[in-house]
Amino acid sequence: MRLQITFVDRVGIASEILSVLARRRLDVVAVEVEPPHIHVDVPDFAEDDDIDELRAALRQVAGVESVHPVDLLPGARRRLHLDTLLDALADPVLAVDRAGRIVVANTAAADALSLDDKEALAGMTLAGLFDDPEVGRTLLAQGFSEPQREATMRGTPFLLETRPLIEGAVLAGGVILLQAPRRIGERLNALQHSGDAGFDAILSESALLRALKARAARLAAVDAPLLLVGETGTGKELLAHACHRASSRADKPFLALNCAALPESLAESELFGYAGGAFSGARRDGKPGLLELADHGTVFLDEIGEMSLYLQAKLLRFLSDGSFRRVGGERETRVNVRIISATHRDLPTMIARGGFREDLYYRLNVLTLKIPPLRERGEDVRLLARHFVERAAVQARRPPCRLTAAAEEALVAHPWPGNVRQLENVIFRAVTLSDRALIAPSDLELIAVPAPPAAGPSASMLPDDADCATWAEAVAAFERDLLQRFYPSYPSSRKLAARLGASHTMIANKLRRFGLPRPPGR
């Protein structure tokens, strides 16, 4: 039984209380004194023993006011709460003494070191904790005041933070907090995408987009690379995040990289990370890339068509076996990440011209979604325009306003080469600059877009009426002109076939048929 004895503090009262228990031959295994209470653990005294008789005997000690059974001693309760608190943390936490020996650790720390029990960590030194013994020596030398840095345990990198434990003016040890890159990625994802509503965030009334969302919901559940194709401004990142939210990885990070926004060297370090001292200005302990931060989640590669051929080769290797090396690193890192990519470029044409790797294209294009341009879904123009008007009024801190019927018709009739992004900008500018409650067509500042040139061959490539007697002759004349036009730039039958998307055999036969000589100097 555990007892709480309340007393009026005086010299020798704790000794007299323990003497009462000793005279009754009760073994006391723990004592905690925190005036005005003394707690004792008396395992020999059972619940069915006469507590009233023991209480009366203890009350004979001058200053004792009350005696009550309790379930736990305060110290044991605090240790229980501390253990529960530490084990609730997903990140490894350790407390070490001033000599670098581990005193307390949580379950996550044992898991990180592949140990079955956190008690096995007790007494282990920092020298045996990290793969690089210099890390432990530096922490001790700096008094656990080292800035954030990366450290590796059992081959896994962690972001290391420390806090010194000061007792009076003396260093008593330190607390070490370790965060895996994936946990950092989860925090970044929570900051960047809090409140996102998946497919519900994609506003639409058109049949085209309803069909797209239905197809996307099916493909989202398939854990395979997904390629999004669509013009600029159609909302490819929004759709990519919606697919992530509908997948089995929904509770894991979703991190994005715009391949067109960074030069090759920066894009490589952002995606794959870098080892310590990999280049001038690099952190001495290295930095994880998006692939490590998004482990078990999704990485969205926007404008994949702008990625350099060097990075394409490195990405291809990752897609093949899930492993990569940091820039300047030697250690292979393996992560489980789904790649969703997007482009407005014609990748097959880029492949024919040597600007994109064909093998990477087939790795990325396992699943495909094509986003229709805004000009093909007029119903959505009105819906989006009204939504953007409401949001712009809030952002501009002006009274609510709305579009006139004529303004909505003007918006529907506009071709929107910049798609949804352009529509949002036009609406924001009109709402911000207008003081009226009704937004008229004149407020929209729509710029006329020249009509695109008619598709098909130019007139110069078509035979004149006098030179063309039959359909077959017209087709032959067109083929000859087409081959003559492209052959100098693609001076072999294989290159020409790749450029025109035709078979090598057909192109070679056509060149022989028309007697076209190999371009000079080739």
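In this predicted model, the side chains of E150 and R326 meet in a salt bridge, with 2.7 Å from N to O. A salt bridge here is a side-chain nitrogen of Lys or Arg within 4 Å of a carboxyl oxygen of Asp or Glu. The pair links distant parts of the chain, 176 residues apart: E150 belongs to strand β7 (residues 149-153), while R326 sits in the loop between β13 (323-325) and β14 (332-334). Helices (H or I, at least four residues) and strands (E, at least two) are DSSP runs, numbered from the N terminus. E150 is buried, with a relative accessible area of 12%, and R326 is buried at 7%. Buried means under 20% relative accessible area, exposed over 50%, and partly exposed in between (1.4 Å probe, protein chains only).

Residues are numbered from 1 along each chain as its sequence is written. Local features need pLDDT of at least 70 and side-chain atom pairs count only at pLDDT 80 or more, whereas totals for chains, interfaces and linings use all residues; side-chain values use heavy atoms, leaving out hydrogens and water.

The structure holds 34 salt bridges. Another of them joins E268 and K314, at 2.9 Å from N to O. E268 lies in helix α9 (residues 264-272) and K314 in helix α11 (residues 309-321), so this pair ties together parts that are 46 residues apart in sequence. Both partners are buried, E268 at 9% relative accessibility and K314 at 17%. Salt bridges can also share partners, and in this way D91, R182, R183, E186 and R187 are joined into one network.

A further pair is found within a single helix. R137 forms a salt bridge with E134, the closest N and O atoms being 3.1 Å apart. The two are 3 residues apart in helix α5 (residues 133-141), which means they are separated by about one helical turn. E134 is partly exposed, at 38% relative accessibility.

A pocket is found on a 1 Å grid over the protein atoms alone, as an open set of points where a 1.4 Å probe fits, with protein on both sides within 12 Å along at least five of seven lines; lining residues have an atom within 4 Å of a point. The largest pocket is lined by 25 residues, and T234, G235, K236, L238 and V420 lie nearest its centre. Helices α7 (207-220), α8 (236-245), α14 (378-395) and α16 (419-433) each supply at least two residues of this lining.
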